Amino acid sequence: MKTVLFVCVHNSGRSQMAEALLNEMAGGRVGAVSAGTVPAGEVNPVVVAAMKEVGLDISKRKPKLLTLSMIEQADRMITMGCGAEAEAICPAGTIKTGDWALDDPMGQPLEKVREIREQVRARVKALLGEIS
């Protein structure tokens, strides 16, 4: 089974949504994990609420630190929010890597987090079509 690694700085929003959505949508054909370069203490509660609205409970998940082992075990890595301001802490890809420039849900109202969730869902769907 192919594995996609979703990476963002805090692993508390976008990457957590992408991991949950891909694992749900892939039906076991592809697996996803997520991690952060500077993980937060918890998953963003507004992100948890937005994901519950689509039937995915991520309330028990914890942000994880990105490790070399995670990168080595992945077939594809997608970074999120690794623009110029985060360049110093963004991972350098040794595997096929893409970057999804998505707004950070941190500090955003639920309406905005819903928009971000739907952008993540659309990109996950396209990625699954590409991988499968």
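The lining of the largest cavity divides into 3 nonpolar, 3 polar and 2 charged residues. In this predicted model, the residues that line the largest cavity are C8, V9, H10, S12, G13, R14, D104 and P105. The space in the largest cavity amounts to about 50 Å³. Rolling a probe the size of a water molecule over the atoms shows where empty space is left.

The secondary structure of the protein chain consists of 4 helices and 4 strands. Read from the N terminus, these elements follow the order β-α-β-α-α-β-β-α. The radius of gyration of the protein chain is 13 Å, close to the 14 Å given by the globule rule for 132 residues, so the chain is as compact as a globular protein of that length.

Contacts within the protein chain can be described by sequence separation. Of those between residues at least 6 apart in sequence, 70% join residues at least 24 apart.

The table gathers overall values for the protein chain.

| Property of the protein chain | Value |
|---|---|
| Box filled by the C-alpha atoms, along the principal axes | roughly 35 × 35 × 25 Å |
| Share of the 132 residues that count as buried | 44% |
| Accessible surface | about 6600 Å² |
| Share of the accessible surface belonging to carbon and sulfur atoms | 53% |

Notes
Residues are numbered from 1 along each chain as its sequence is written. This is a predicted model: local features need pLDDT of at least 70, side-chain atom pairs count only at pLDDT 80 or more; totals for chains, interfaces and linings use all residues. Side-chain values use heavy atoms; hydrogens and water are left out. On a 1 Å grid over the protein atoms alone, a cavity is a set of points where a 1.4 Å probe fits but cannot get out, and a pocket is an open set with protein on both sides within 12 Å along at least five of seven lines; lining residues have an atom within 4 Å of a point. Grid points are joined across faces, edges and corners, and a volume is the space filled by probe spheres set on the points. Ala, Val, Leu, Ile, Met, Phe, Trp, Tyr, Cys and Pro count as nonpolar, Asp, Glu, Lys and Arg as charged, and the others, Gly among them, as polar. Helices (H or I, at least four residues) and strands (E, at least two) are DSSP runs, numbered from the N terminus. The radius of gyration is taken over C-alpha atoms; the globule rule is 2.2 Å times the number of residues to the power 0.38. Buried means under 20% relative accessible area, exposed over 50%, partly exposed in between (1.4 Å probe, protein chains only). Contact means heavy atoms within 4.5 Å. Accessible areas come from the Shrake-Rupley method with a 1.4 Å probe; for residues, only the protein chains shown count as cover.
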